[in-house]
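Visitor: I would like to learn how to read the place where two parts of a chain meet. Could you take me through it step by step?

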Number of protein chains: 2
Amino acid sequence: MMRTRPLKVALLGCGVVGSEVTRIMTTHADDLAARIGAPVELAGIAVRRPDKVREGVPAHLVTTDATALVKRGDIDVVIEVIGGIEPARTLITTAFEHGASVVSANKALVAADGAALHAAAEANGADLYYEAAVAGAIPLVRPLRESLAGDKVNRVLGIVNGTTNFILDKMDSTGAGYSEALDEATALGYAEADPTADVEGFDAAAKAAILAGIAFHTRVTIDDVHREGLTEVTAADIASAKRMGCTVKLLAICERAADGASVTARVHPAMIPLTHPLASVREAYNAVFVEAEAAGQLMFYGPGAGGAPTASAVLGDLVAVCRNKLAGATGPGESAYTRLPVSPMGAVVTRYHISLDVADKPGVLAQVATIFAEHGVSIDTVRQSGKDGEASLVIVTHRAADAALSSTVGALRELDTVRGVASIMRVEGE
Amino acid sequence: MMRTRPLKVALLGCGVVGSEVTRIMTTHADDLAARIGAPVELAGIAVRRPDKVREGVPAHLVTTDATALVKRGDIDVVIEVIGGIEPARTLITTAFEHGASVVSANKALVAADGAALHAAAEANGADLYYEAAVAGAIPLVRPLRESLAGDKVNRVLGIVNGTTNFILDKMDSTGAGYSEALDEATALGYAEADPTADVEGFDAAAKAAILAGIAFHTRVTIDDVHREGLTEVTAADIASAKRMGCTVKLLAICERAADGASVTARVHPAMIPLTHPLASVREAYNAVFVEAEAAGQLMFYGPGAGGAPTASAVLGDLVAVCRNKLAGATGPGESAYTRLPVSPMGAVVTRYHISLDVADKPGVLAQVATIFAEHGVSIDTVRQSGKDGEASLVIVTHRAADAALSSTVGALRELDTVRGVASIMRVEGE
């Protein structure tokens with residue numbers, strides 16, 4: 001039985017994602033209607049530059065007044081694909097106040113202010129869905145919020161930024177340096193003109209915050225996420241990883257502490273063994289491991305960005321939100337009941353791979369080993385090599401608190417016999 | 001705001017999965033309550049053998065009268081983990097009639113009679129959820145039903161039976177024959193005493209039917225699924241696959257025809273390239289590729305069976321169904337509006353790898369090639385080898401209709417110079 005009065009959708013933003021949303025809503029209107037149980041129609045599209053030619057976008061729907069659009073009162077669902085904090089936040093809040101539910105692809109906003117947005121949705125009996133905010137088309141938010149709602153997630157570990165994965169994949173496969181690989185990513189459209197959000201890890205950190213909050217049923221914002229980008233990863237680091245049977249990936253890692261009393265969330269480059277499934281994630285693909293108590297280890301893989309994949313996630317949410325509207329219900333809202341605090345990076349237990357340039361004379365290794373022992377860090381392997389009075393030590397530690405590892409490195413730098421710390425990288429996925 | 005009157009759950013079956021469900025509902029009661037918004041309690045557990053000792057299962061809840069349990073009238077949700085067609089079907093239908101929603105892990109029943117069960121659920125305003133019926137803990141039903149509800153799925157291809165993957169993985173890694181690998185699977189508990197459902201592909205075919213129906217929004221039953229088991233896969237087939245840079249997997253493949261007017265669903269052993277992500281799925285793990293128009297290629301990976309993983313999927317559904325109950329709504333029901341017919345195997349477009357034992361004399365290849373040409377099947381590669389008057393031809397075809405490939409093989413068998421068809425296997429995943 002199909003309702004004939006259509007559900008009305010306002011689209012905020014008509015760039016790469018918005019125009020795909022428009023295209024699919026137009027070409028697949030019958031399928032969407034059948035799956036929702038009522039027709040759904042685009043009632044307005046807010047853009048910044050109205051005179052830009054947008055193929056397939058009905059000109060009479062285009063407006064520059066986004067605020068008036070969300071205030072119309074007859075809008076059932078607002079799709080926000082503008083990105084950034086403002087005006088997106090104000091528009092979403094206004095939409096809730098005017099009775100609309102919201103589907104957003106905005107990782108930055110949800111990661112900065114998700115709790116307030118969820119509260120605004122709940123106060124107005126509306127839905128806030130944002131599958132597209134994390135890893136594009138890959139279903140992750142819904143599986144964590146719903147499929148694993150009866151399980152206990154202990155760890156989320158993944159590649160959630162396609163740009164940086166493309167860069168690291170190029171460095172690994174061609175031996176190129178960071179700048180060269182970034183140039184190629186930019187030329188091919190994988191990196192933006194200003195790549196800061198990607199290469200400094202802000203994008204991945206926002207996704208880590210969202211995943212951690214949902215996975216552990218607590219509140220995590222982007223400010224809680226330890227963040228290191230990949231701008232300092234060198235061709236030498238990649239080569240060194242290869243010698244260890246590893247590759248380097250920019251990982252987002254969310255973990256429940258061993259005692260269960262806190263969680264951590266972090267983004268940084270790390271070495272992972274070539275045998276780990278994440279090692280074979282190529283180009284701009286994303287992949288996320290989820291470890292849960294009962295389910296065991298799950299992996300989700302797919303395109304993490306792009307107009308069509310992101311639109312797929314947006315429209316999946318649109319169907320769900322429309323169904324909820326018709327049923328007079330709302331889907332799962334924020335679940336932050338565990339109130340687990342987020343511990344700082346120092347509390348994370350991990351392993352370090354450290355390359356030191358040292359003086360080539362007897363006793364250096366003993367000195368270095370003493371520093372590790374004094375900081376309670378146990379050494380797994382040491383590889384020593386020397387030529388012409390210079391020598392290098394490559395040390396891989398056992399698992400220890402990041403704070404202990406970090407202060408070990410600090411103390412090593414103080415040694416006269418240590419001429420420099422050539423690289424430090426964490427080792428994960430073992 | 002938490003409701004204090006608990007939702008009541010009846011559990012039908014308390015084997016490997018049921019006892020895990022009981023354990024998690026007991027030990028994680030607070031988490032479930034927080035996520036649902038109301039406490040949830042086990043009100044009864046129906047078993048066949050009441051005197052069997054079940055650790056952690058409250059004895060006062062155990063009954064042998066499943067019918068009376070589902071008829072009690074105060075049950076909100078019935079969890080069915082008995083398996084098989086009857087009495088499961090009658091109990092589920094009775095549960096709907098008495099106001100309960102149902103969570104089931106029963107692939108055989110859903111694949112045989114899903115439409116009628118969905119109709120019964122809808123007639124009674126109840127939910128029917130069965131994430132656990134396909135690939136254990138791996139979220140697949142929900143992503144297909146909900147996450148991809150705004151997209152157009154064209155293909156589902158995966159390893160959905162852990163037992164057969166374990167057997168094929170052993171054959172591949174050790175060179176063992178089928179019987180030897182089956183024995184090891186049985187000894188390690190990966191295969192049941194009667195392995196028919198797994199090794200003849202019935203289990204995978206049930207899952208293929210469920211996945212195809214959901215993916216293409218049409219009705220597909222297990223009888224629509226072309227099914228070949230792996231009992232005839234030989235060590236020689238595996239060795240032959242290796243020479244081609246392939247491995248052999250038992251695949252479930254659901255496809256929309258190129259013209260969009262029909263779908264196909266099939267389960268059979270197939271060669272896939274070692275570079276394909278499914279090739280590296282080891283032991284009893286499952287993995288499923290989903291190809292959708294907008295989303296592109298997604299993969300879902302994880303443990304496909306086992307008590308705890310299956311319980312994870314059951315409990316995820318339980319949380320969803322309970323939330324729906326509290327909201328006075330139901331989740332997505334059957335979606336079969338496309339009414340796409342299921343075409344027979346002959347209509348599937350695929351490639352064959354064929355090994356022929358032939359007479360070692362001039363003109364044989366010409367004869368064989370003529371047969372292929374007469375049936376409109378184009379040959380990709382031929383490898384000819386001979387010794388002592390005997391020769392073999394290994395032929396890999398281009399893509400053609402399975403019916404044409406099949407009649408080509410029939411005609412080859414008629415040739416005097418073809419002494420035997422040593423093996424035929426489809427080639428997929430390219």
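Visitor: How many salt bridges does the rule find across the interface of domain 2 of chain A and domain 3 of chain A?

Guide: Please keep in mind that this is a predicted model. To look for a salt bridge, one searches for a side-chain nitrogen of Lys or Arg within 4 Å of a carboxyl oxygen of Asp or Glu. Across the interface of domain 2 of chain A and domain 3 of chain A, the rule finds one, and the pair is Glu228(A) with Arg426(A), whose closest N and O atoms are 3.0 Å apart.

Visitor: How many residue pairs are in polar contact between domain 2 of chain A and domain 3 of chain A?

Guide: The count between these two domains is four residue pairs, with both residues at pLDDT 80 or more.

Visitor: Which element gives the most to the side of domain 2 of chain A that touches domain 3 of chain A?

Guide: Strand 10 of chain A does, with six residues, while helix 11 (235-243), strand 9 (246-256) and strand 10 (263-273) of chain A each supply at least two. Sorted by class, that side of domain 2 of chain A has six nonpolar, four polar and five charged residues.

Visitor: What area is buried between domain 2 of chain A and domain 3 of chain A?

Guide: The buried area is about 1100 Å², and carbon and sulfur atoms give 63% of it. In domain 2 of chain A, the residues that lose the most area to domain 3 of chain A are Met244(A), Arg266(A) and Met271(A), which together make up 39% of what that side buries.

Technical notes. Residues numbered from 1 in each chain as written. Chains lettered and ligands numbered in written order. Predicted model: local features only at pLDDT ≥ 70, side-chain atom pairs only at ≥ 80, totals over all residues. Heavy atoms only, no water. Buried area = accessible area lost by both parts, 1.4 Å probe. Polar contact = N/O pair within 3.5 Å; in protein donor to acceptor, adjacent residues only side chain to side chain. Helix = DSSP H or I, 4+ residues; strand = E, 2+ residues; numbered from the N terminus. Nonpolar A, V, L, I, M, F, W, Y, C, P; charged D, E, K, R; others polar.
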